Amino acid sequence: MANLTTHFAGIKSPNPFWLASAPPTDKEYNVVRAFKAGWGGVVWKTLGEEGPPVVNVNGPRYGALYGSDRRMVGFNNIELITDRPLQINLQEIKSVKRNWPDRAMIVSLMVPCEEDAWKSILPLVEDTGADGIELNFGCPHGMSERGMGAAVGQVPDYIEMVTRWCKHYTRMPVIVKLTPNITDVRYPARAAKAGGADAVSLINTINSIVGVDLDTMAPSPTVDGKGTHGGYCGPAVKPIALNMVAEIARDHDTAGMLISGIGGIETWRDAAEFLALGATSVQVCTAAMTYGFRIVEDMIEGLNSWMDEKGYGTIEDISGRAVPNVTDWQHLNLNYVTKAVIDQDACIKCGRCHIACEDTSHQAITAMKDGERHFEVINEECVGCNLCVAICPVENCITMEQMIDGVDPRTNKKISTKPLHWTDHPNNPMK
Amino acid sequence: MRTFKTSTTRSQAEPNDVKPSDVEDNFTDLHLPLNSVQAGVEASRCLYCFDAPCMTACPTKIDIPKFIRQISVNKADDAAMTILSQNILGGTCARACPTEILCEEVCVVNHSEGSPVKIGDLQRHAVDGLLQKNDAHPFTRKPLSGFRFAVIGAGPAGLAFSHRLAMLGHDVVIFDKNPKAGGLNEYGLAAYKMVDDFAQREISFLLDIGGIEIKNGQIFGVNLTLKELLSNFDGVFIGVGLPVPRDVQMRGNDLAGVSNALDFIAHLRQAPDVTKVPIGNDIVVIGGGNTAIDAAVQARCLGARNVTLAYRRGPDDMGATLWERELALVNGVTIKYWLSPKEFSGTNNIVEQVVFETMQMREGKLIPTGEVMNIPADMVLKAIGQEMNGAWVNDFETRHGKIVVNEHYQTSIDRVYAGGDCIASGEDLTVQAVEDGKQAAHRADVMLRERNNI
């Protein structure tokens with residue numbers, strides 16, 4: 001049995017699966033249910049400053065993007081931070097932490113970008129016994145119109161400033177939650193580091209309109225005939241999140257910084273991929289909102305058995321393991337030649353590979369052979385693009401195989417075992 | 001596969017245990033229609049193949065991947081138009097086609113998932129949805145030409161011909177022998193395949209295009225002659241099917257209780273109350289095609305205790321599809337192979353048993369073994385095929401009892417076209433008849449325009 005115990009900036013949790021700051025972590029009732037189900041920690045839904053709480057819309061808050069089988073692939077929300085009084089949230093956080101001392105309790109915060117605001121809320125949170133705080137610099141809707149959330153997260157100077165205040169006014173570890181609604185995630189990450197952050201968490205939701213109601217001609221979710229952009233999450237955002245995590249993990253300035261990975265995690269495998277690209281813990285929301293808390297069971301079991309299969313003993317063994325293999329395009333080996341190979345026994349003859357290649361790529365797959373329906377790669381035309389693999393409905397029917405010697409029949413060039421990078425390529429004018 | 005409420009006991013002493021309410025239930029839809037959620041899930045299984053094998057397998061060449069995709073993007077009415085533009089009787093074909101030997105047999109999903117996309121059910125979902133709306137007829141007619149065609153037979157071939165010819169701008173009068181139009185759609189399919197008067201609803205939809213008149217009670221060769229038609233019309237299409245059940249010449253053929261399966265099926269379809277249709281206890285159906293199965297299964301549905309389907313050859317030669325045979329077997333029909341009827345015997349002019357000779361295949365020839373076997377029967381249903389008869393047939397060149405046509409669906413007589421079961425175009429299938437009618441209409445259109453220089 002692998003050991004899933006997670007050590008994250010001094011925060012310990014029995015496993016790396018935390019619930020992200022969101023509706024599932026808005027109150028004691030839900031969080032206790034989550035801990036009973038086995039979640040390793042929670043990031044309590046974002047608290048705002050003392051005073052009348054924010055209000056939410058009373059119409060629909062969520063919108064969905066479906067796959068053809070009506071599985072939700074993307075999810076969008078226009079909910080704001082907690083709309084419950086600060087004192088109630090603090091009491092409940094204290095109570096849950098007292099009753100569940102082994103679980104990570106992190107409190108998400110969002111107050112105006114003023115030193116006093118942060119200075120006054122931090123002791124209140126510290127008093128609950130929470131393990132750490134997460135600064136919500138990501139929320140892209142509503143709160144950003146008031147100069148908070150993503151409005152702060154999009155200005156690296158503000159990130160650094162607020163992070164510094166927090167580090168100054170509390171002994172709790174500070175996690176900075178980053179917004180993906182920027183051009184280069186490395187800048188806000190560097191700012192967080194410069195401000196003294198213990199870790200970053202990412203991604204927050206992506207600015208989005210999830211759909212348009214074509215009868216009312218309004219974006220959905222629609223509130224009394226109008227819609228607004230909301231935060232996009234769910235399985236569809238995972239690739240965007242993975243890239244941003246990797247960018248931070250391999251950046252010269254932020255390499256080694258602790259990362260809590262967020263974005264479309266639905267299975268153990270998703271989690272393992274975030275860990276491999278440099279995360280040490282992961283946060284989940286949409287999957288729990290879709291299926292309920294018990295999905296953590298197969299996440300824990302799946303991660304555990306995969307680690308056993310691979311001989312990984314601890315989370316630290318996995319964390320960042322794929323980072324050295326993330327590089328820039330210019331460092332990819334241009335002498336590496338692959339060709340698609342179709343397993344004729346596995347092929348069901350749908351012809352999708354043929355038409356995709358014929359219409360949109362390199363005319364490298366047959367449709368007929370000897371008058372029979374037959375799909376086979378024409379090596380003279382195949383550039384090894386992987387499109388056929390991607391669209392084939394049968395798993396492992398088409399594979400990309402490396403040519404290790406001989407001549408590439410497409411280019412008539414001899415296969416070289418010596419790597420060639422763009423940096424050294426004769427066609428590179430910058431060489 | 002549906003199991004009906006049939007008698008479970010074989011004891012002659014026991015009262016029949018199939019209640020009238022059971023019989024009523026048995027004659028409800030064989031396949032429950034897909035609801036829109038089920039249709040969406042099923043549609044998502046389609047791989048949208050390149051040069052799809054299902055489309056190639058369909059005699060009417062319906063663009064199946066396209067219509068399934070239209071269902072999956074919530075455009076079921078567009079899907080229906082994709083279907084109907086190739087096959088105006090797509091609703092009947094969705095119910096009656098042996099999809100297991102056509103589109104669904106070649107569906108590539110068979111290879112990945114072990115069962116095909118339910119193309120027939122999806123087609124029905126789309127077409128039924130459009131027909132139920134009762135909107136204006138979706139097809140339009142070309143500018144009217146003033147030409148008129150006579151069509152003999154209001155079955156699938158004649159109806160498909162008429163609709164397409166009407167689309168092409170010509171008028172049609174259909175002459176049919178029966179009180180109702182539809183041919184085998186109305187009279188020849190098992191009742192549980194065509195519930196809620198579907199054949200008539202579909203015909204009424206089809207006729208909404210305009211320009212088609214149907215005259216019932218017209219028997220070709222009796223009160224209707226080809227000569228007369230050719231002088232009153234610009235052309236004639238023959239779609240009479242194979243109207244006469246083939247018969248056996250053997251002792252006892254005239255005993256009470258011996259009848260044709262097709263008449264039994266037609267009687268059931270036309271019965272105002274199926275629970276009142278009399279049925280024996282020991283039924284023997286003779287034949288090996290889908291008509292034999294339709295008769296045998298419906299006999300069980302009516303409450304017959306023992307139903308035996310006797311076929312003179314082995315399972316490999318049987319015309320009924322495997323799916324139809326399974327439907328019969330799960331519903332308690334006994335299928336016996338290698339039995340050829342020799343005699344129907346009985347007393348007081350009422351049939352009591354069928355005397356069979358057992359058969360064998362030797363050197364490719366079917367020959368009797370000499371062994372004789374009796375099966376008790378108070379009702380015998382013969383389903384050994386159909387044929388054409390009547391003196392009018394002699395005016396045409398025929399081969400193997402079917403009218404010969406060229407690649408333009410022209411018969412040996414000028415301006416006379418033919419299609420459906422009465423020509424040798426392939427399988428005797430509704431869907432083939434529809435294709436014949438459709439193609440013949442295009443040829444007839446070309447002929448009319450060429451000859452009249454328009």
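Between which two helices of chain B is the place of Asp197(B)? Asp197(B) sits in the loop between helix H11 (184–187) and helix H12 (198–207) of chain B; helices (H or I, at least four residues) and strands (E, at least two) are DSSP runs, numbered from the N terminus. This is a predicted model, in which local features need pLDDT of at least 70 and side-chain atom pairs count only at pLDDT 80 or more, while totals for chains, interfaces and linings use all residues. Residues are numbered from 1 along each chain as its sequence is written, and chains are lettered from A and ligands numbered from 1 in the order in which they are written.

Asp197(B) has a positive phi of about 55 degrees, although it is not a glycine. Most residues other than glycine have a negative phi, and most peptide bonds are trans. Asp197(B) counts as exposed because it has 12 C-beta neighbours inside 10 Å. A residue is buried if 20 or more other C-beta atoms lie within 10 Å of its own, exposed if 12 or fewer, and partly exposed in between, with C-beta atoms placed from the backbone. Glu363(B), in the loop between strand E11 (350–362) and strand E12 (365–376) of chain B, also has a positive phi, near 50 degrees. With 5 C-beta neighbours inside 10 Å, Glu363(B) counts as exposed.

Cis peptide bonds are found in chain A. One joins Leu202(A) and Ile203(A), with omega about 10 degrees, and Ile203(A) lies in the loop between strand E10 (199–202) and strand E11 (206–208) of chain A. Another runs from Ser220(A) to Pro221(A), with omega near -5 degrees.

Chain A as a whole has 13 helices and 22 strands. Its C-alpha trace spans about 80 × 50 × 50 Å along the principal axes. Of its 431 residues, 45% count as buried.

The two chains meet where 13 residues of chain A are in contact with 11 residues of chain B; two residues are in contact if their C-beta atoms, placed from the backbone, lie within 7 Å.

In chain B, helix H16 (residues 322–330) has the buried residues Glu324(B), Leu327(B) and Ala328(B). They cover an arc of only 95 degrees around the axis, so they are on the same side of H16(B); the arc is that of the directions from the helix axis to the C-beta atoms. The buried residues of H16(B) pack against helix H15 (290–302), strand E8 (306–310) and strand E9 (333–336) of chain B. After H16(B) comes Gly332(B), with a positive phi near 80 degrees.

Nonpolar side chains tend to be buried together in soluble globular proteins. A nonpolar core is a set of buried Ala, Val, Leu, Ile, Met, Phe, Trp, Tyr and Cys residues joined through C-beta atoms within 7 Å. The largest has 151 residues, and those that touch the most other members are Ile64(B), Ala126(B), Phe237(B), Val285(B), Ala295(B), Ala296(B) and Val380(B). H15(B) gives the most to this core, with eight residues. A second, separate core of 97 residues includes Val111(A), Val185(A), Leu242(A) and Leu258(A).

Leu262(B) lies in helix H14 (residues 261–270) of chain B. Is Leu262(B) buried or exposed? It counts as buried, with 24 C-beta neighbours inside 10 Å. Leaving out residues up to four places away in sequence, Leu262(B) touches Gly188(B), Pro245(B), Thr291(B) and Gln386(B).
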